[in-house]
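Here is a short briefing on one model.

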Amino acid sequence: MQTEHQVVPIRTPDNDSDGVTSVIRPDGSLNPETDPKLPLETVLDLYRSMVRTRVIDTQLVRLQRQGRIGFHIGSLGEEACILGSAAAMRPNDWIMPCYREFGALLYRGFPLQAYLDNMYGNADDIVMGRQMPDHYTGKAYRFGSVSSPIGTQITQAVGIAWAARYKGNDEVVSVYFGEGATSSNEFHTGLNFAGVMKAPVIFLCRNNRWAISVPSEKQTASVTFAEKGVAYGIPGVRVDGNDILATWKVVRECVEKSAAGAGPFLIEMLTYRVGGHSTSDDPRAYRVQDEVEQWRRTDPIQRMRTHLEGRGAWDEARDEAYKQEVETELKACITAAENKPKPELGTMFDDVFQHRPWHLEEQCEALLAGPRPKSEH
Amino acid sequence: MPQMNLVQAINSALASEMRADPDVVVLGEDVGKVGGVFRVTQGLYDEFGEDRVIDTPLAEGGIIGAALGMALYGLRPVPEIQFSDFIFPAFDQIVSEVAKYRYRSGGEYTAPMVIRTPVGGGIRGGHYHSQSPESLFIHTAGLKVVCPSNPYDAKGLLLSAIRDDDPVMFFEPKRVYRAVKMEVPEEEYTLPIGKAKVVREGEDVTVIAWGAMLFEALASAEEIGGEGVRAEVIDLRTLWPVDIDTIVESVKKTGRVVIVHEAPKACGFGAELLSMVVEKCFVHLEAPPVRVTGWDTPFPYTLEMEYLPLQHRITPALLETARYVP
Amino acid sequence: MANFEFRLPDIGEGVSEGEIVEWLVAVGDVVAEDDPMVEVMTDKATVTIGAPRAGTIHDLRFGVGAVALVGQVIVVIDQDGTAEPVEAKSPEGKKDEGPAATAVGDIKDGLPGSNYFESGANGGAKGGSGGPAPAKAPKAASSASASRPIDFFQAKPLATPATRKLARDLGVDLRRVAPSGPSGRTTRDDVRGFAEGAPTAPHPSPAASTRPAAPIAVDDASRETRTPFVGIRRKIAQRMQTTKNTAAHFTFVEECHCDPLMALRGRLKPAAEEAGVKLSYLPFIVKAVVGALKKHPVLNTALDESSNELVYRNYFHIGIAAATPAGLMVPVVRDADQRSILDIAREIDRLGEGARAGTLSADELSGSTFTITSLGRQGGLFATPILNHPEVGILGVHQMKEKPVVRDGQIVIGNVMLLSLSFDHRIVDGHVGAAFAYDIIRYLEEPDRLFLEMV
């Protein structure tokens with residue numbers, strides 16, 4: 001199964017044509033051959049979604065440094081591949097996240113307040129403070145639940161896609177993972193199952209070059225990550241993941257083909273993790289700042305802004321105003337989230353099973369009747 | 001009413017539920033055309049087709065991960081792990097994902113699925129076809145664990161498990177697969193998960209067992225009956241959540257308990273049962289609670305009958321416990 | 001440093017615990033250094049311990065009858081009247097200024113209890129220089145031991161939970177029920193029998209040996225008096241029980257004709273009195289025993305069951321059992337083989353007085369290799385002495401009496417003394433024991449022989 005824009009499958013040192021689709025040129029103009037020709041309002045919408053994601057990211061890191069939230073795992077520099085792919089999924093399609101895709105969840109309309117409540121693990125948190133920050137869930141938005149172990153969502157995505165097709169529903173499942181996850185059992189098993197089952201899955205590999213401290217060269221001896229699809233009979237596609245229009249275009253085409261019965265696709269989105277792995281990580285310990293600066297020059301938001309300003313559709317004043325708008329909304333959500341109580345004690349015993357068995361009733365009673373811890377973190 | 005063995009009863013349950021509910025699908029290694037290595041799914045492929053009886057690639061993690069995806073979507077998958085000894089590649093999916101999805105999604109998602117897998121030894125299977133890993137899953141919050149001992153219970157419990165909105169580990173004692181035949185209704189019926197059964201009543205000592213070891217326990221109970229000791233035998237049927245009421249009621253009556261399981265002793269389910277008995281029946285205890293279990297070794301091939309806690313080891317334990325001077 | 005914590009010292013050789021027999025001070029009492037403070041009973045002796053420091057008694061950690069281990073704090077003395085609570089104060093640590101990146105699971109503040117690990121208390125954390133030293137581990141739960149109730153019978157009865165419940169339901173104090181079950185268990189039937197007033201089971205099983213015998217059933221409490229079974233009496237009981245349950249006793253009785261010995265003693269008595277010594281027969285018997293022990297070294301052994309070794313003692317410490325107001329004691333004449341008869345007589349006198357006065361040290365009450373027990377005027381015809389564990393032989397000496405004896409075909413009046421010897425049959429064969437006994441008798445019947453072997 002081949003698609004016209006995908007260039008891979010095999011790239012060797014002798015053949016270094018990288019076959020990476022991009023749209024936005026350095027001067028802001030668009031490559032007419034690859035331009036998806038989206039309406040301006042959609043393009044602006046994509047741009048704003050990236051800015052919003054970055055404003056939130058930046059603020060969350062600040063909150064974490066002040067000790068107001070425990071943790072954040074962000075998407076600094078990776079906004080284009082996350083938002084571009086999320087936007088390319090159709091409303092009925094499913095998104096199985098890794099853990100860096102809060103922007104995708106918000107793009108789908110998940111309330112910012114609900115996201116902040118998750119970051120604070122308060123009583124209104126959908127998952128009732130049972131998980132770390134950034135381990136959100138959103139079934140109403142056809143968005144899976146974040147798990148920390150690497151790659152576990154990949155085989156699950158295959159099952160969802162297979163089930164949707166079995167039920168005769170026109171739904172495709174996208175599943176995010178970093179390039180590090182391509183080393184996991186679940187990646188190989190998931191791609192293999194999807195290939196055999198012809199499941200409508202879009203495997204979205206965010207190749208951000210770093211798996212915590214391990215560079216992508218140490219993750220695989222393959223020249224590209226896209227070519228890994230070949231062994232499973234799955235087309236591998238590479239796209240400039242810092243180009244939101246290119247990402248949108250490539251993902252949307254794969255979604256349409258997959259929905260039409262073409263089976264799964266593996267898309268390698270080339271990007272760069274500008275921040276640390278998470279707030280627990282300081283990347284200065286393992287990589288040189290020059291590399292980061294080099295990637296900053298390909299910053300996805302700046303590229304898009306150059307394009308929009310070239311079209312006369314955006315300017316500094318509008319940019320500032322929009323950021324201000326997001327910050328105001330965000331600060332209100334933070335204040336509200338901080339003022340909400342913790343989840344009630346008894347909720348710890350809910351949702352282990354549909355109904356609480358005797359032993360959990362017994363333990364819940366013991367918890368409620370028992371002494372409270374001396375420190376509350 | 002037809003006579004069925006355990007294999008036929010489980011097959012009957014799967015077939016009847018698949019007829020009744022199109023969301024029920026079966027997947028696993030060799031479950032399709034050949035009907036599974038133990039033939040438990042025989043005939044299902046022909047009746048329901050390859051979309052509902054799926055021969056998967058050979059990767060247990062993929063079977064469970066994909067099944068979980070199906071369950072998240074709303075199906076009721078019944079994945080089979082060919083031997084419970086092979087379940088460990090799927091351990092992460094079961095422990096971190098299947099068991100946790102409801103909890104970690106705040107109840108938004110559920111994982112209604114039944115992981116069927118043959119369990120236990122006594123079939124000359126050696127280490128990798130004989131183990132009893134049930135306690136690992138009991139220890140994992142979020143899983144129900146069932147282990148029927150006989151065809152009638154197996155069908156009723158499997159139907160309940162498939163209809164349950166929580167994930168269920170369904171351990172099938174492979175030594176019993178074809179060894180026991182009994183009358184099993186063709187039509188559907190359910191038995192409640194979480195209810196044990198007092199299979200034999202007695203006043204002197206309680207024996208708790210499940211799966212294949214139930215029959216050994218019963219044989220010992222009969223044997224000591226000849227010496228005037230009346231043993232009460234409980235078939236747990238559901239290991240988790242365990243039917244504490246039945247256990248407590250019996251131990252309060254007898255004051256003595258012997259727990260039998262194939263799994264190794266250390267941290268085996270018997271350890272938990274024993275703790276519960278002590279916690280809940282302490283003042284009624286007239287003798288130290290005893291466990292008769294597999295040894296804390298890997299499961300051996302040639303000496304498997306020495307490994308298993310069979311009648312020859314259960315009987316003296318029962319006598320000693322029953323005769324302990326209180 | 002207002003509070004001085006006094007730990008129970010090793011007051012004998014290798015004593016590991018001591019029982020509080022009596023507190024001679026109460027909380028709040030002012031004591032001068034060395035004022036008598038507490039009487040502690042070890043398995044060797046009861047000793048009075050004086051106050052190690054002057055001050056006010058702040059805390060008594062063990063009640064009367066309780067057993068303290070060597071090294072445990074038994075009393076706290078407030079030395080200058082500024083007693084402060086015992087709990088360790090943790091100096092306040094410096095708080096980190098400003099927020100810092102916190103890795104997941106990076107606990108910045110010390111974990112509770114981490115001060116137990118002194119060397120690692122600051123490891124890894126920034127802490128800075130001269131950070132506060134970790135607080136010392138909290139003191140042992142003092143209040144718990146201080147409020148420990150007096151348990152006259154110390155050891156807990158053995159019973160299944162169900163039997164315990166039955167006893168509670170029937171209002172039966174399990175400690176009053178004699179056990180009849182295996183391993184010394186008090187059975188359900190014992191409890192029921194007790195509650196119904198049936199005679200209690202008579203026989204504690206062998207395995208119950210290390211536990212004190214159970215008390216008898218109450219018949220009419222109003223006409224009974226109960227006194228604490230503590231101190232020497234309990235130690236004696238425990239030792240006797242131990243001995244009876246380890247050694248395989250057999251007893252050998254023979255008579256000894258003492259006319260020559262009487263004559264000898266009569267001749268030496270005035271000389272001894274000149275030396276200030278009241279000469280009894282006992283020093284001669286000690287010498288006779290030493291002579292026989294030298295011929296039969298196996299009688300001077302002890303069985304070390306922990307290593308399965310028979311220990312031959314190449315020294316002769318002869319225990320002399322003595323009745324005292326507090327009970328039976330066995331002061332020891334050390335190196336009896338190297339002492340003269342006069343010397344032995346003097347030592348026996350000294351030890352006897354000390355035993356009656358309770359002033360002997362633990363060392364003077366332990367270490368014998370063979371024991372002699374004088375059964376005295378009321379010694380009866382013969383007796384079956386219990387060995388002084390871990391010795392393998394004991395000699396019971398009965399009162400010398402005039403008896404008809406046959407000498408040269410004539411019935412005459414002779415002075416006859418019966419000797420009752422018990423041996424540990426595990427180690428001493430019957431004929432060996434008999435040979436040993438006859439050697440003693442020969443020395444006593446022909447006391448001149450003692451001079452032949454005098455060192």
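A residue counts as buried if 20 or more other C-beta atoms lie within 10 Å of its own, as exposed if 12 or fewer do, and as partly exposed in between, with C-beta atoms placed from the backbone. By that rule, 63% of the 326 residues in chain B are buried. The model is predicted: local features need pLDDT of at least 70 and side-chain atom pairs count only at pLDDT 80 or more, while totals for chains, interfaces and linings use all residues. Residues are numbered from 1 along each chain as its sequence is written, with chains lettered from A and ligands numbered from 1 in the order in which they are written.

**Chain B**
- Chain B holds 12 helices and 14 strands; helices (H or I, at least four residues) and strands (E, at least two) are DSSP runs, numbered from the N terminus.
- Two residues are in contact if their C-beta atoms, placed from the backbone, lie within 7 Å.
- Of the chain B contacts between residues at least 6 apart in sequence, 80% join residues at least 24 apart.

**Nonpolar cores**
- A nonpolar core is a set of buried Ala, Val, Leu, Ile, Met, Phe, Trp, Tyr and Cys residues joined through C-beta atoms within 7 Å.
- The largest has 214 residues, and I267(A), V146(B) and V207(B) have the most contacts inside it.
- Helix α3 (residues 60-73) of chain B gives the most to this core: nine residues.
- Another core, of 53 residues, lies apart from it and includes I341(C) and F436(C).
- Beyond its neighbours within four places in sequence, V207(B) has contacts that include A217(B), E232(B), I234(B) and L318(B).

**A sheet in chain C**
- Four strands of chain C form an open sheet in the order β5-β4-β2-β7, with antiparallel pairing.
- Its edge strands, β5 (46-50) and β7 (67-69) of chain C, each pair on one side only.
- Strands pair if DSSP finds at least two bridges between them; β4 (residues 36-41) of chain C and β5(C) have five, in the antiparallel sense.
- T46(C), in β5(C), is the bridge partner of M41(C).

**Chain A against chain B**
- The contact joins 36 residues of chain A to 35 residues of chain B.
- On the chain A side, α5 (152-166), α6 (185-197) and α11 (358-369) of chain A each give two or more residues.
- Helix α5(A) supplies the largest share of that side, 11 residues.
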